[in-house]
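Please keep the model in view while reading.

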Amino acid sequence: MARLYLVRHGETTSNVMRRLDTALPGAALTDFGVRQAVRYGLENRADRREESDPGPVLLSSQATRAQQTAEVIGSVWGADAEVVSGVYEVQAGELEDRTDDEAHGVFRDILDRWYSGDPDAPIPGGESLTMVLERYLPAVTDLAQRYLTGPDARDVYLVSHGAAIRLVAAHLAGIDGKFAAATHLPNTGSVELEYTDGLWVPHRWGATRAPFQLVDEPLVADPMG
């Protein structure tokens with residue numbers, strides 16, 4: 001069965017500086033981030049059995065870091081990457097570009113409320129979870145209908161962003177909010193989902209394979225990952 005891989009972009013200068021960088025176009029990859037993308041491409045390269053096999057679909061968000069990550073992966077696979085609208089990072093609003101602990105604490109507290117069942121709580125000047133899902137889910141639904149069903153189904157790799165991926169994956173597959181909140185997704189880490197009979201079935205979250213264990217840990221220190 002074809003699967004959807006939600007892939008977090010490679011390391012950026014903002015990641016290194018702990019800057020809340022969510023507005024488009026955003027920061028570029030570091031040299032290390034490029035190497036991460038190369039490694040991901042090598043470790044996930046699919047062997048085509050026939051020349052007619054189109055291979056996986058490679059897509060990215062509009063953010064510079066996501067496009068660069070997808071382009072590097074595509075260079076390893078010999079594939080072109082396309083840009084998808086609506087799948088960018090959770091918008092930090094008034095917290096944008098801040099690096100201080102207070103800003104990170106506010107962002108993390110709002111995400112914790114989302115994971116705990118309060119989707120309409122807004123980031124000051126930014127988005128609520130409801131707003132994030134309203135723009136992200138239609139894109140995923142379209143990808144599922146176009147590529148993940150039928151006799152010509154193909155794997156889809158969508159390079160996106162840590163906070164958005166964890167929130168959307170938890171919503172799609174009904175994953176426990178505490179697990180999603182506490183389980184880090186590193187740069188070029190991914191969530192693997194299968195779309196079958198109208199339902200999303202989780203198979204892997206970063207290095208953790210399903211079934212996922214319930215956890216009682218706080219939100220990861222890096223809210224973007």
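**Backbone positions and overall fold**

Thr188 counts as buried because its relative accessibility is 14%; buried means under 20% relative accessible area, exposed over 50%, and partly exposed in between, with a 1.4 Å probe and protein chains only. The model is predicted, so local features need pLDDT of at least 70 and side-chain atom pairs count only at pLDDT 80 or more, while totals for chains, interfaces and linings use all residues. Residues are numbered from 1 along each chain as its sequence is written, and side-chain values use heavy atoms, leaving out hydrogens and water.

Thr188 is not a glycine, yet its phi is positive, at about 65 degrees. Its place is the loop between helix H7 (177-182) and strand E5 (190-196); helices (H or I, at least four residues) and strands (E, at least two) are DSSP runs numbered from the N terminus. Asp97, also a residue other than glycine, has a positive phi near 70 degrees. Asp97 sits in the loop between strand E3 (82-83) and helix H4 (101-115), and counts as partly exposed because its relative accessibility is 48%.

A cis peptide bond, with omega about 5 degrees, links Leu24 to Pro25. Pro25 belongs to the loop between helix H1 (13-17) and helix H2 (31-43).

The protein chain contains seven helices and seven strands, in the order β-α-α-β-α-β-α-α-β-α-α-β-β-β from the N terminus. Of its 225 residues, 52% are buried. The C-alpha trace spans about 55 × 40 × 30 Å along its principal axes.
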